[in-house]
Amino acid sequence: MEEQFILRVPPSVAERIDRFLSENASSSEDKSLDLSFSEDGRTGNFVIGNDSFPASLLDLPCVVESFKTYDDSVLIKSADIGQMIMVREPGDAAPDAVEYRHGLTPPMRDARKRRFRREPDLNPELVRRVEEDLLNISAGGTAENIDVEAAEQEKDGDANAGNASKRPAPTPETKPNVPESGTNAGEPDRSDSDESDDSV
């Protein structure tokens, strides 16, 4: 499997890269391309010719599949892409988050907020108590930190269940034994397997 990423550059840089790739490298004014990252692995520099541009490695909000083709009819999956290198103009501000907010296409604009479920708001104290209870239970003990509210909810649930059981059970309606119209009362039912094809 190949390693792939998305390189997003400003329009002026895109024109220069296009010229660099389409022309002979010796005749182009931009004789080199270089991409280097700092030690944190998220920020770096993109160099084309003598110009340097700041770059950032960002995680995409969802995985993008890339395909290649040899005959324009059969597509072969070549990689899953989860990161993008965003090259900025020298005066532009660096992104504040590691994950890119938008997808690659207009329908995926603000994808993380619009298309994915939010993480639940959990009380850290409750999570800690439940974790301790699970560790006690797995060690052969009992759960010691049962909330009073949980016990009250169980009592209320038992009372509601008792009231529900006091209601009389509904009786099923009896249907008269009348043969249905449109059926062949005199002929036995035939399945498809009883019929044979004599036309052969």
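Which residue in S5 does Lys-68 stand opposite? Lys-68 faces Ile-76 there, and this pair is a handy way into the chain. Welcome to a predicted model, in which local features need pLDDT of at least 70 and side-chain atom pairs count only at pLDDT 80 or more, while totals for chains, interfaces and linings use all residues. Residues are numbered from 1 along each chain as its sequence is written, and side-chain values use heavy atoms, leaving out hydrogens and water.

**Overall layout**
- The chain has four helices and five strands; helices (H or I, at least four residues) and strands (E, at least two) are DSSP runs, numbered from the N terminus.
- Along the sequence, these elements follow the order β-α-β-β-β-β-α-α-α.
- Of the 200 residues, 18% are buried; buried means under 20% relative accessible area, exposed over 50%, and partly exposed in between, with a 1.4 Å probe and protein chains only.
- Among contacts (heavy atoms within 4.5 Å) with a separation of 6 or more, 48% come from residues 24 or more positions apart.

**How the strands pair**
- S4 and S5 run antiparallel and are joined by 11 bridges; two strands pair if DSSP finds at least two bridges between them.
- These two strands form a hairpin with five residues between them, and Asp-72 in the turn has a positive phi of about 60°.
- S1 and S5 run parallel, joined by three bridges.
- Leu-7 has Ile-85 as its bridge partner in S5.

**What sits inside**
- The largest nonpolar core has nine residues: Val-13, Ile-17, Phe-46, Ile-48, Phe-53, Ala-55, Leu-57, Ile-85 and Val-87. A nonpolar core is a set of buried Ala, Val, Leu, Ile, Met, Phe, Trp, Tyr and Cys residues joined through side-chain atoms within 4.5 Å.
- Helix H1 (11-22) and strands S3 (43-48), S4 (51-69) and S5 (75-87) each supply at least two residues of this core, with the largest share, three residues, coming from S4.
- Beyond its neighbours within four places in sequence, Phe-53 is in contact with residues including Val-13, Arg-16, Phe-46 and Val-87.
- A second, separate core of six residues includes Leu-58, Leu-60, Ile-81 and Tyr-100.

- Phe-5, Leu-7, Leu-35 and Phe-37 make a nonpolar surface patch of about 330 Å². Patches are made of residues with over 30% relative accessible area and no salt bridge, with like charges joined within 9 Å and nonpolar side chains (Val, Leu, Ile, Met, Phe, Trp, Tyr) within 5 Å.
- Phe-5 lies in the segment before strand S1 (6-8) and is partly exposed, at 46% relative accessible area.

**Salt bridges**
- The count comes to seven salt bridges, each a side-chain nitrogen of Lys or Arg within 4 Å of a carboxyl oxygen of Asp or Glu.
- Asp-59 pairs with Arg-42, their closest N and O atoms being 3.2 Å apart. This pair links distant parts of the chain, with Asp-59 in strand S4 and Arg-42 in the loop between strand S2 (33-37) and S3, 17 residues apart.
- Lys-77 forms a salt bridge with Glu-65, with closest N and O atoms 3.3 Å apart, and Glu-65, Lys-77 and Asp-80 are linked in a network of salt bridges.
- Glu-132 forms a salt bridge with Arg-128, with closest N and O atoms 2.4 Å apart; both lie in helix H3 (residues 124-138), four residues apart, about one turn of the helix.

How values were computed: Accessible areas come from the Shrake-Rupley method with a 1.4 Å probe; for residues, only the protein chains shown count as cover.
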